[in-house]
Amino acid sequence: MSILSQAASRRRFLTTAAAAPAALAAPAIATAAGQTKTWVVQTAWNGGVGLQVFQDWCATIVEKTGGELAFEAKKEGDIAPAFEVYEALRDGKMHAAHNFTIYATKMNPAGAFLSSYPMAMRAPHEFDVFYYGLGGIEMAREIYAPHGVFYVGPVHHGPNIIHAKKPLRYIDDFRGITMRTPGGMVKEFFEALGATTVQLPGSQIFGALQSGEIEAADFVGPSINYDYGFSQETQFISMGPAGYMSVYQPVDIMEISTGTEAWNELSPEMKGFVEQETHAFSDIHHAAIQAADQAAWAKFEADGTRVSRLTAEDVRVMTKVMVPIWFDYAQRSPEATKVFKAQLDYMTSGSLGYVEREVAEIFTGSL
């Protein structure tokens, strides 16, 4: 039995009557209760294990709901470009999206704090604590609502790593290099280290490396990056100290979000189901990609890719570089201030201690 099938067996099938057909035209499956409501759902993945896991998960929804709801899976760009997904949700061009949360920064600067950002929270469970224990879900929904989008929940991916045409062994090696970043705080972080940055979606990174537009690229983890062909154009991978794959995005947060109109068409029971399924999908998605990463390392080694690790001292210096950038972003909207304060309290607490209170207090008066 597959992981997805096991997940399905743990859930109670929902057999309530189907709601009215969705606004988007899509193939419907006739059921005893009526017609299936089919949601068009686009992922940020263009290929690799991420796309496969997403497609497999979407295929389970119709059975889990007793035919009331189905997800029609679309890959990156099928309906809208990666950076225009939220507008597509608002305008009803798609019903839902599996997107990188960092892209929400264009809706509100607070989006920068809803995803992993440099030198901040450093493990998946820490983001679960924020979202499900410290009010993060409610904060995200308040941020998305004015834009016609409903934030369902976070989806874990894994650490981001850096592929480069030359070794990046020390913090000073980033000075003068041209590299791809997703924008936002990650962009400003590497620029503060002396790099020149270019913002590109994942599907355009290989071409930019091939053409020489960029010398290095931060993107997701080993498995998906190998499938994207990065080892063909780069010879080096730069990571954090042992046990710390990425110093700048150790947890890459994705999400499931929907258009507000599409969400409001669901019954209360179905809304609860989609929320629970999103949490389950996060676990499945994260575990499947981490498992695939283990196989990918051997492929990189066979291709001659060399791995280097930054030092604990680099982490200390990089954290010092990032603190003022955090506070700068936290001042960019009232919502950003609210989210960051909740996370800063957590990061300076006895539970984590990533930032000394004395360091944080130097800038706290700016909020």
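Biologist: Which residues line the largest cavity?

Modeller: This is a predicted model. Its largest cavity holds about 60 Å³ of space. The lining is made up of Phe100, Ile102, Tyr103, Asn160, Arg180, Pro182, Phe219, Val220, Gln249 and Asp252.

Biologist: How do the residues of that lining divide into nonpolar, polar and charged?

Modeller: Phe100 and Val220 are among the lining residues, and so are Gln249 and Asp252. Over the lining of the largest cavity, the division is six nonpolar, two polar and two charged.

Biologist: How many cavities of 30 Å³ or more are there?

Modeller: The largest cavity has about 60 Å³. With the cut-off at 30 Å³ or more, the count is four cavities.

Biologist: Which are the edge strands of the open sheet of five strands?

Modeller: The strand order is S4-S3-S5-S12-S6, and the pairing is mixed. An edge strand here pairs on one side only. That gives strand S4 (69-74) and strand S6 (149-158).

Biologist: In what sense do strands S3 and S5 pair?

Modeller: Strand S3 covers residues 37-43 and strand S5 covers residues 96-100. Valine 41 stands opposite alanine 96 in S5. Three bridges join S3 and S5, and the sense is parallel.

Biologist: Which strands does helix H11 touch?

Modeller: Helix H11 spans residues 268-302 and packs on the sheet. Its direction makes about 20 degrees with that of S6. The strands touched by H11 are S4, S5, S6 and S12.

Notes. Residues numbered from 1 in each chain as written. Predicted model: local features only at pLDDT ≥ 70, side-chain atom pairs only at ≥ 80, totals over all residues. Heavy atoms only, no water. Pairing = 2+ DSSP bridges. Helix = DSSP H or I, 4+ residues; strand = E, 2+ residues; numbered from the N terminus. Contact = heavy atoms within 4.5 Å. Axes fitted to C-alpha atoms, helices over the stretch in contact; angles between N-to-C directions. 1 Å grid on protein atoms, 1.4 Å probe; cavity = no way out; pocket = protein on both sides within 12 Å on 5 of 7 lines; lining within 4 Å. Points joined across faces, edges and corners; volume = space filled by probe spheres on them. Nonpolar A, V, L, I, M, F, W, Y, C, P; charged D, E, K, R; others polar.
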